[in-house]
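Subject: Structure handover

Hello,

Please find the structure below, followed by my notes on what turned up in it.

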Amino acid sequence: MAAARGTVVGSLLLKYGNRFAGSHIVTTAVGRQPVSRQICTSCCLLRKNLAAAGPEKFTEEFIKQQVEEFNIGKRHLANMMGEDPETFTQQDIDRSIKYLFPSGLFEKKARPVMKHPDEVFPKQTAIQWGQDGRPFHFLFYTGKQSYYSLMHDVYGKMLAVEKHQDRLRNKGLFSQDTNQIALVGSRWLRKEELEELLVENISDNDYARFIQLMERLLSMPYSALEEECVQRYRRQLEVQSSKQEIPPLQHDQQGAAFSTAVGRRKTATASVVCRDGGSGKMTINGKDHLQCFPVLQDREQLVFPLHFVNMLGRFDVEASVSGGGRSAQSGALRLALSRALLTFLPDDQVEHVRQAGLLTSDPRVKERKKPGQAKARKKFTWKKR
Amino acid sequence: MTLHRLSLRLRQAVSQARHLHSSRSGQQLEALAVEPELPKELSFFRTRESDPACHADVHMGQYYTLSPVHLRTIFPHGLPSRFQLQMKTFNETCVMVRQPALELISHLKKADYSKPAVRYMFYGVNGCGKTLSLCHALHYCHTQGWLVLHIPDAHLWVKNCKELLPSSFCPSRFDQPIEASQWLRNFKITNEPVLSKLKTTQRYVWTKRESTEEGRTLAELVEQGMSRVRTSSDVVGALLKELRLQAGKPMEGREEGLRLAVAVDGVNALWGRTSLKKEDKSVVAPEELTLIHNLRKMMKNDWCGGAVISSLSQTGSLFKPKDVFLPQELLGEDGFDDMDPFVPVPVSNYSEKESESCYLYYMDRNWLQHPHSRTEEGKKELLFLSNRNPNVLERLCASH
């Protein structure tokens with residue numbers, strides 16, 4: 001398909017492109033390339049001498065051309081799948097590619113992908129110098145012009161705020177209690193996000209200095225003047241519990257409320273039915289919980305969710321569990337029980353439960369055995385000679 | 001001395017618990033209403049009635065105290081080891097009055113002793129209180145003047161035996177001198193007064209030089225067994241035979257005749273497997289042990305004038321999985337056929353009232369150290385974690 005003709009693989013080019021990075025192009029870090037295998041590659045990739053094939057591939061027109069091709073390709077794909085091209089979203093594209101090119105590769109990043117060129121081609125800076133070879137930016141020769149220019153700008157703003165404060169002091173209108181910028185619920189940009197914004201690499205020290213500078217700006221009483229500048233470098237924190245899935249409340253024939261939930265830990269799966277208006281009994285696989293878990297530790301794990309929300313004697317719990325060992329089974333039951341209990345709780349208690357760690361599924365699984373070692377970590381006996 | 005102080009402390013417990021158990025007996029209510037300086041019916045988890053014959057449904061869930069005298073006589077070897085530790089710690093012996101024991105005592109009161117002996121069997125999950133119910137029933141039997149033949153744990157006779165002598169009486173059988181002599185010692189402590197009134201009916205020859213003539217008292221027989229350890233197993237056999245013959249017969253000092261209570265804890269050991277080995281490393285079957293052989297004869301209901309009270313036990317049993325507790329499973333085919341017909345008495349975990357009572361008892365004894373376990377939530381947690389099983393609850397409270 002003409003539309004499906006891919007372009008060069010970004011990473012390969014950039015790897016060779018970086019050899020010349022010092023003199024020509026300031027490119028982004030290689031490490032976080034979205035390694036995407038385009039549908040077909042052109043043979044010009046395989047050329048070793050890429051001096052001529054340097055920056056042209058990533059010029060503005062090139063990117064624009066890629067975008068057009070992508071859009072056309074999207075429409076063709078929509079037609080192929082029999083869907084409406086106007087309302088064909090990226091999710092639909094992913095779904096269709098997965099259908100048309102099924103891949104069994106384990107590495108998700110190695111599978112076929114069709115994404116917008118902005119996501120595929122890393123952001124690049126344009127050429128930084130003019131015809132005469134003189135760089136445009138006055139901080140070009142620092143090597144990290146965007147970063148230093150940012151620091152310079154922020155410092156300039158700080159000086160402006162100090163000047164404003166001095167003026168107020170002269171007039172006698174200076175007061176300590178002014179409106180401060182609302183910082184609750186937001187966080188500073190992470191180092192990766194800052195790098196993305198500046199389109200250049202910065203070191204940990206640089207990032208730390210940047211944060212220091214911003215904090216110093218905020219510490220001044222009249223920093224509210226530069227609010228938009230500060231907010232540009234802050235991101236909102238999401239409220240985690242809004243993403244929590246609460247199982248729906250169901251009613252059985254007698255009218256008693258109950259809820260069902262599933263939990264997993266290592267290889268054990270547990271499914272729990274929590275019925276309201278009970279006497280605090282717990283049945284697991286038809287047996288008593290005392291019979292099932294003779295060890296106190298396992299029973300304590302079961303008791304923890306109920307005890308935390310103070311509903312020990314209220315529910316009748318019927319559970320079934322399989323797989324894993326005794327700890328895994330009790331952990332799976334605990335998770336399933338916490339999830340089932342969420343239905344009966346008010347929202348703020350849901351947040352408490354989440355913060356108590358009852359709703360986090362334990363990601364620890366058995367580590368694989370490595371070749372050349374006896375077990376996952378244990379090595380064979382080391383012989384000096 | 002302590003009773004007065006006790007009442008002051010317990011008044012709090014009483015006022016807390018009063019609203020929960022307002023449907024207590026008339027005895028309790030009038031006692032609480034009177035509220036004198038002397039402590040009367042202490043609190044609802046204790047009762048002053050220490051005679052098992054007078055225990056009734058009203059006392060269910062309450063603890064009654066065993067006097068030290070009775071303790072030394074009746075139970076030199078009968079009580080479970082954890083209970084003995086508890087006795088030592090609390091400096092008193094308190095047993096809870098529960099429904100299975102009361103049921104058994106009522107059966108014993110109403111039984112016809114001219115008919116063959118009825119066999120009762122306590123069964124239930126591990127740690128639900130079978131042995132203590134058995135001891136409660138035995139206390140009743142002893143206070144009624146019966147002769148109590150109590151084998152505290154039949155499992156002890158089929159495992160971990162240091163010495164196995166080939167029996168002189170029958171060459172294919174094995175004797176256990178140490179166990180037999182120890183048991184005879186304890187038996188004598190329990191039944192001394194009655195034994196001196198009973199006489200042997202035949203002559204027993206132990207060795208070339210020793211014999212017991214006809215008409216000697218059974219106390220002498222027991223002495224003989226205790227001193228001559230080698231023949232103690234045979235003495236036990238002879239003793240059992242004598243008692244079987246004389247049960248129900250008229251006796252001096254008793255109009256209704258001799259009543260015999262045979263109490264065996266862990267009766268499933270008689271028909272299970274042993275962990276003992278002969279010299280050629282082959283396994284010893286239970287029938288090949290003299291003590292077990294004689295005891296099996298005792299368990300048959302071919303004698304009158306008494307009762308056989310037994311309880312099953314998985315805890316000490318050999319080669320049985322952990323979760324079996326039903327008579328069929330623990331006794332096996334042979335055992336069930338031998339014991340059939342019997343009256344099964346199920347023992348279950350604590351009911352709500354009983355668990356409440358147990359918790360208050362531990363609180364009263366200052367046994368619960370953790371401050372959280374003294375709150376209402378702590379109590380719910382304890383009861384949930386132990387699932388109201390008496391043994392598990394006791395262990396849990398001991399560590400909290």
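The side chain of B:His77 makes a polar contact with the side chain of B:Asn186, at 3.2 Å. (A polar contact is a pair of N or O atoms within 3.5 Å; within protein, one must be able to donate a hydrogen and the other to accept it, and residues adjacent in sequence count only if both atoms are side-chain atoms.) The B:His77 side chain also reaches the backbone oxygen of B:His150, at 3.4 Å. B:His77 sits in the loop between helix 3 (68–74) and helix 4 (81–90) of chain B. Helices (H or I, at least four residues) and strands (E, at least two) are DSSP runs, numbered from the N terminus. B:His77 is buried, with a relative accessible area of 15%. Buried means under 20% relative accessible area, exposed over 50%, and partly exposed in between (1.4 Å probe, protein chains only).

A word on the basis: this is a predicted model, where local features need pLDDT of at least 70, side-chain atom pairs count only at pLDDT 80 or more, and totals for chains, interfaces and linings use all residues. Residues are numbered from 1 along each chain as its sequence is written, chains are lettered from A and ligands numbered from 1 in the order in which they are written, and side-chain values use heavy atoms, with hydrogens and water left out.

Next, the salt bridges. Over all chains, the structure holds 34 salt bridges. The criterion is a side-chain nitrogen of Lys or Arg within 4 Å of a carboxyl oxygen of Asp or Glu.

In chain A, the side chains of A:Lys144 and A:Asp206 meet in a salt bridge, 2.5 Å from N to O. A:Lys144 lies in the loop between helix 4 and helix 5 (145–171) of chain A and A:Asp206 in helix 7 (residues 204–219), so the pair ties together parts that are 62 residues apart in sequence. A:Lys144 is partly exposed at 23% relative accessibility, whereas A:Asp206 is buried at 9%.

A:Glu318 forms a salt bridge with A:Arg275; their closest N and O atoms are 3.0 Å apart. This pair links distant parts of the chain, 43 residues apart: A:Glu318 is in strand 8 (residues 316–322) of chain A and A:Arg275 in strand 5 (residues 268–275) of chain A. A:Glu318 is partly exposed at 40% relative accessibility. A:Arg275 is partly exposed too, at 25%.

In chain B, B:Lys188 forms a salt bridge with B:Glu223, with the closest N and O atoms 2.3 Å apart. B:Lys188 is in helix 7 (residues 177–195) of chain B and B:Glu223 in helix 8 (residues 218–227) of chain B, so the pair ties together parts 35 residues apart in sequence. B:Lys188 is buried, with a relative accessible area of 16%. B:Glu223 is partly exposed, at 35%. Salt bridges that share partners also join B:Arg46, B:Glu92, B:Asp364 and B:Arg365 into one network.

Now the surface. B:Glu333, B:Asp334, B:Asp337, B:Asp338 and B:Asp340 gather in a patch of negative charge. Patches are made of residues with over 30% relative accessible area and no salt bridge; like charges are joined within 9 Å, and nonpolar side chains (Val, Leu, Ile, Met, Phe, Trp, Tyr) within 5 Å. Lys and Arg count as positive and Asp and Glu as negative; His and the chain ends are not counted. The place of a charge is NZ of Lys, CZ of Arg, CG of Asp or CD of Glu. B:Asp338 is in helix 11 (residues 327–339) of chain B and is partly exposed, at 39%.

A:Met80, A:Tyr99, A:Leu100 and A:Phe101 make a nonpolar surface patch of about 420 Å². Accessible areas come from the Shrake-Rupley method with a 1.4 Å probe; for residues, only the protein chains shown count as cover. A:Phe101 is in the loop between helix 3 (90–100) and helix 4 (117–120) of chain A. A:Phe101 is partly exposed, at 37%.

Last, the backbone. A cis peptide bond joins B:Asp340 and B:Pro341, with omega about -5 degrees. B:Phe319 has a positive phi of about 60 degrees although it is not a glycine. B:Asn387, also not a glycine, has a positive phi of about 55 degrees.

Best wishes
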